[in-house]
Each structure stands twice: as C-alpha cells, then as structure tokens.
Amino acid sequence: MALRILLASIESHANRYKRYIVPVLSVQIDFYVRVFVRIYTSASAMKNTPLKLSYVYQCTGCDSFHLQPIGRTIAKNNSVRYLPGYGPVVPQECTYCGKKFNMGGPIWSAPIHDQEWVTSMLADVKSMKSSYPAYDRISALLTTISEELPDVPLFLSLHNLCATLKCTSPSAVIFRSAVINAGYRISGTHVNPLGLKSDAPMDVIWDIMRCWVKNHPVKAQPADQAGTVILAKEPVLQANFARAVASLSKAQAKKVARFLPNPEKHWGPKVRAGRQITSKHVSLLGEAAINGVLNQEDNEESKTKKQKVEENNITT
C-alpha cells in the first residue's frame, strides 16, 4: 500500500505539468520504500491516469479486499472514450463474513515494476558480481521481484487467512498448488516472505480454505466471529491440494536465495539521539545495542566539545 500510495502521489504531481510516470522499480527495503520512475510529457496520455488508479475496500472482519478502478474506457470504431469507473464494487456488508469495509486510496493499481528492465538488471548484476559488495542482497531482491505477478496489485497473507479461521496453516506449496489447480496464477512478493499475490478472486481463496478446514477441523468459535460465518457456508469449489509443478518458483527450485536473514541481532531503527533510555528500550533492543547508542552519543558529544575548544583557541 505504501508503494502504491507514493506512486499515485507522484503521478498526481506529474499530471499538474502535463506529465505522467512509468514505474521502473518499486521496492520496500528494511524500513523505507524507494521507487524509480521514468517521466514523460504528453497531455493526451494523461487521460490514461484514471485507468491506473483504484480505491480499495477491505473488510474489517476477514481482511478480504476489493479494488474499484477510478476510470474505464469504451472503444468505438477508431476512437476511445474515457469514462468514470463503475461502482460500488462491494455492498455495505462483506458477503463472506458480514462485517463492514474500510475504504482507502486512490492507490496505483497498475504494474509497479518494468519486468524486462528488472530481468536485464539482474543479468547485469550477475555478470559483475565482484563489483557489488552487497551482491547477495541485490540479487535476492531482484530475483524475488522478477517472479512477482505484475498485474496483481495487492497480496494476501496466508497466516492472516488462517488467523481469521483459527485453523492450522497449510504450507505455502500446498496453498499455491490448490490455487494453480483451480486454474489461477500465484506468486510471492518481495514485500513479505509470507505474502502471496494471486489473480484468484476471494471467493476461490475462501473456498480453498474451507476445504482445508474440512480436512483439518477447528474448535467451535462464537457465532459472531468472521471465521465462523465463513466456515458456515459450503464451498462451491472443491479444492485440489495435489502438488502442482508450478507451486515452486524457478528460484525456489534452484534454491536461489530470495530473502536474506537480518545482518545482526535486534535489527531495526535504533533509539533516537538525545532520547532518554528506559527499561523498555533495553528489553526491546538489548543492552549491547543501548550501550552502542550511548557510546556513539558520548563520542559525538566529545567531538563537539573538542571542536568548540579548538575554535575558541583560534579566535583568542
């Protein structure tokens, strides 16, 4: 969502100057997002902007989400008419669990990567492996991005689906096989190792999970729970969990690294400079990390004092 909100904002600002963007690479790395875009000038091409943006409706109970495009086109003879998108795409209550929807957007719902460029860049990086100290990190990131479905805007979390139903989680391979056997595509995402992007509608996803729960029963839950309402319905699709050939990506089959472990323990943003250290920081970051921050602050403070003394000596 962060990447797509950012791209929609850049597109909005570009349109004010009769320009539009084409994303080349959009990544979420560690604790920030970074996008690379090409900018073109064309007043006529700006008409396509509403086709690249959508509103998002996400259920507060089961996390099912739906996209509503802002614009649409109608082709007639050799001309194209640009019209507002149809809506609403969802009723007031979720058809799966009966809960309300949260609304967000507009977000960029068009592809966020140029897959040909990513593949070319990955090949160049591999050919110059010795030139990149962070080769493992770069190649893992580009490999994961090269396998993403470009035309699927958002991703699912298998663990979140299971948390809604209060059931044990199937392995990613089993779930991917069920989606593929149902006739749909599925891939991973570089944003989350547990994330899955698929063009299967939520009806199919929940039918697969209903079939999984039939083979792996769950404890009785309160009637008003989203998972209880979902499981009360019989699946229309009978899921096939047989291992599919395409359930493993090429990188997984070749055991190519796609996600690397954190470089150090307690990896994450450190305590802000000048902030009072509390027991909460110690429990979260560890004593070693806290001591490192304190030592760094002491060094910076001593350097500042030394510079002031030198400046005073020069002036006197």
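A cavity is a set of points, on a 1 Å grid over the protein atoms alone, where a 1.4 Å probe fits but cannot get out; a pocket is an open set with protein on both sides within 12 Å along at least five of seven lines; lining residues have an atom within 4 Å of a point. Grid points are joined across faces, edges and corners, and a volume is the space filled by probe spheres set on the points. The model is predicted: local features need pLDDT of at least 70, side-chain atom pairs count only at pLDDT 80 or more, and totals for chains, interfaces and linings use all residues. Residues are numbered from 1 along each chain as its sequence is written, and side-chain values use heavy atoms, with hydrogens and water left out.

**Stop 1: the cavity**

Select P111, I112, H113, Q115, E148, L149, P150 and K197, which line the largest cavity. The volume of this cavity is about 40 Å³, and the structure holds one cavity of 30 Å³ or more. Its lining comprises four nonpolar, two polar and two charged residues. In this classification Ala, Val, Leu, Ile, Met, Phe, Trp, Tyr, Cys and Pro count as nonpolar, Asp, Glu, Lys and Arg as charged, and the others, Gly among them, as polar.

**Stop 2**

Helices (H or I, at least four residues) and strands (E, at least two) are DSSP runs, numbered from the N terminus.

The three strands form an open antiparallel sheet in the order 8-10-9. Strand 8 and strand 9 are its edges, each pairing on one side only. Two strands pair if DSSP finds at least two bridges between them. A hairpin of six residues links strand 9 to strand 10.

**Stop 3: the largest pocket**

Which residues lie nearest the centre of the largest pocket? Select M1, Q58, F65, L154 and F155, which hold that position among the 30 lining residues. The pocket has a volume of about 570 Å³. Helix 1, strand 3 (53-59), strand 7, strand 8 and helix 4 (158-165) each supply at least two residues of the lining. By class, the lining divides into 16 nonpolar, 10 polar and four charged residues.

**Stop 4: helix 6**

Select residues 202-215, which form helix 6. Its 14 residues reach 20 Å from the first C-alpha to the last, close to the 20 Å expected at 1.5 Å a residue; the expected span is 1.5 Å times one less than the number of residues. Helix 6 is mostly covered, with 11 of its 14 residues buried. Among them are W206, D207, R210 and W212. The cover over the buried residues includes strand 4 (65-69), strand 8, helix 4, helix 5 (172-181) and helix 7 (226-231), where contact means heavy atoms within 4.5 Å.

**Stop 5: helix 3**

Move to residues 135-146, helix 3, whose 12 residues reach 16 Å from the first C-alpha to the last, close to the 16 Å expected. The buried residues here are Y135, S139, A140, L142, T143, T144 and I145. They pack against strand 1, helix 2 (115-127) and helix 8 (250-253).

**Stop 6: backbone details**

Select G87 and P88, which are joined by a cis peptide bond with omega of about -5 degrees. P88 is in the loop between strand 6 (79-84) and strand 7 (101-108). A cis bond also runs from G105 to P106, with omega near 0 degrees; P106 is placed in strand 7.

K18, not a glycine, has a positive phi of about 60 degrees. K18 is in the loop between helix 1 (2-15) and strand 1 (19-29) and is exposed, with a relative accessible area of 54%. N77, likewise not a glycine, has a positive phi of about 55 degrees. N77 is in the loop between strand 5 (71-76) and strand 6, and is exposed at a relative accessible area of 78%.

How values were computed:
Buried means under 20% relative accessible area, exposed over 50%, partly exposed in between (1.4 Å probe, protein chains only).
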